[in-house]
Amino acid sequence: MPVITVANPKGGAGKSTTTLVLATTLASQGASVVILDCDPNQPITGWRGGESKSKVIVDGEVNESNVTTKLDTYRKQYQFVFVDLEGTASRLMSRALARAQLAVIPIQASPTDAELAAKAIHLIQEEEQAFEKTIPYRILFTRTSPVIATKLEKAILAQLRGGEVPQFKNHLNERSAYKSLFYHQLDLDELDPAEVNGLPQARENALRLAEELVELVVQKKEAA
């Protein structure tokens, strides 16, 4: 089953939010999902300590010595294995990427994020050379407006397309519901629409993104 790493050297790019939104959405659709929380701050481990009834499993006891064994074990037991990676390049990141069927690189529409996304891509390409395997990756724009793209966002999108950098068609929009996941320690289906603005739209956005992810993973599996 697929191992999906979520990586970006820049903090605040939306790695943990992306991981949690995708994992909980897939789980709500009936998939079995596990997350390896490799972020030093362990926000997803903290989320799992709440009262959510989500069936997502979170493993926060991951290090460079056991990550390969854990990935090989979990991919036999779960339909989706997510790895929320730490921001800096490390041996743990290298070993996780070596097992990845897809690397998701979340970025915000800013020049700094785009520059660091390029560094993340370079790290992936180095791992491809080291392990003599292809590691598919996709840029995912986060915190974008669901209504209209800014001029800066359009410019960065055009630049990436010009460089033939693969991207998700869907973005993870700016929604208060995604912040509420961590605050209330629940998943999107458990949040109260009366308390969270734009919750139906956030659920729809998350579902479209999860569907695109599944399509990508299936395509990669069939191509292999």
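This is a predicted model: local features need pLDDT of at least 70, side-chain atom pairs count only at pLDDT 80 or more; totals for chains, interfaces and linings use all residues.
Strand 1 and strand 5 pair in the parallel sense over 3 bridges.

Strand 1 covers residues 3–6. Val-3 and Thr-5 point one way from this strand, while Ile-4 and Val-6 point the other way. All four are buried. Strand 1 also pairs with strand 4, again in the parallel sense, over 4 bridges. There, Thr-5 stands opposite Val-83.

Now follow strand 4, residues 80–84, to its pairing with strand 2. These two run parallel and share 5 bridges. Ile-35 has Phe-82 of strand 4 as its bridge partner.

Strand 2 spans residues 33–37. How many of its residues are buried? The count is 5 of 5, so the strand is mostly covered by the definition of buried as under 20% relative accessible area. Val-33, Ile-35 and Asp-37 point one way. Val-34 and Leu-36 point the other way.

From strand 2, step on to strand 3, residues 57–59. The two strands run parallel and are joined by 3 bridges. Here Leu-36 has Asp-59 as its bridge partner.

Strand 5, residues 102–107, pairs with strand 6, residues 137–144. The pairing is parallel, over 5 bridges. Val-104 has Arg-138 of strand 6 as its bridge partner.

In what order do its strands lie? The order is 3-2-4-1-5-6-7, in an open sheet of 7 strands with parallel pairing. Strand 3 and strand 7 (172–173) stand at the edges. Each has a single partner strand, so one side of each is left without a neighbour in the sheet.

Next, the loops. Which residue in the loop between strand 2 and helix 2 (43–48) deserves a look? It is Gln-42. Its phi is positive, about 50°, although Gln-42 is not a glycine. Gln-42 is partly exposed, with a relative accessible area of 26%.

Another glutamine, Gln-185, lies in the loop between helix 7 (176–184) and helix 8 (199–223). Its phi is near 60°, a positive value in a residue other than glycine. Gln-185 is partly exposed, with a relative accessible area of 27%.

Finally, step back to the whole chain. The secondary structure comes to 8 helices and 7 strands. The radius of gyration is 16 Å, close to the 17 Å that the globule rule gives for 224 residues, so the chain is as compact as a globular protein of that length. Along its principal axes, the C-alpha trace spans about 50 × 40 × 35 Å.

How much of the chain is buried? Of the 224 residues, 51% count as buried. The accessible surface comes to about 10,800 Å². Carbon and sulfur atoms hold 49% of that surface.

Contacts reach across the sequence. Among contacts with a separation of 6 or more, 73% are between residues 24 or more positions apart. As for charge, the chain has 25 positive and 28 negative charges.

How values were computed:
Residues are numbered from 1 along each chain as its sequence is written. Side-chain values use heavy atoms; hydrogens and water are left out. The radius of gyration is taken over C-alpha atoms; the globule rule is 2.2 Å times the number of residues to the power 0.38. Buried means under 20% relative accessible area, exposed over 50%, partly exposed in between (1.4 Å probe, protein chains only). Contact means heavy atoms within 4.5 Å. Accessible areas come from the Shrake-Rupley method with a 1.4 Å probe; for residues, only the protein chains shown count as cover. Lys and Arg count as positive and Asp and Glu as negative; His and the chain ends are not counted. The place of a charge is taken as NZ of Lys, CZ of Arg, CG of Asp or CD of Glu. Two strands pair if DSSP finds at least two bridges between them.
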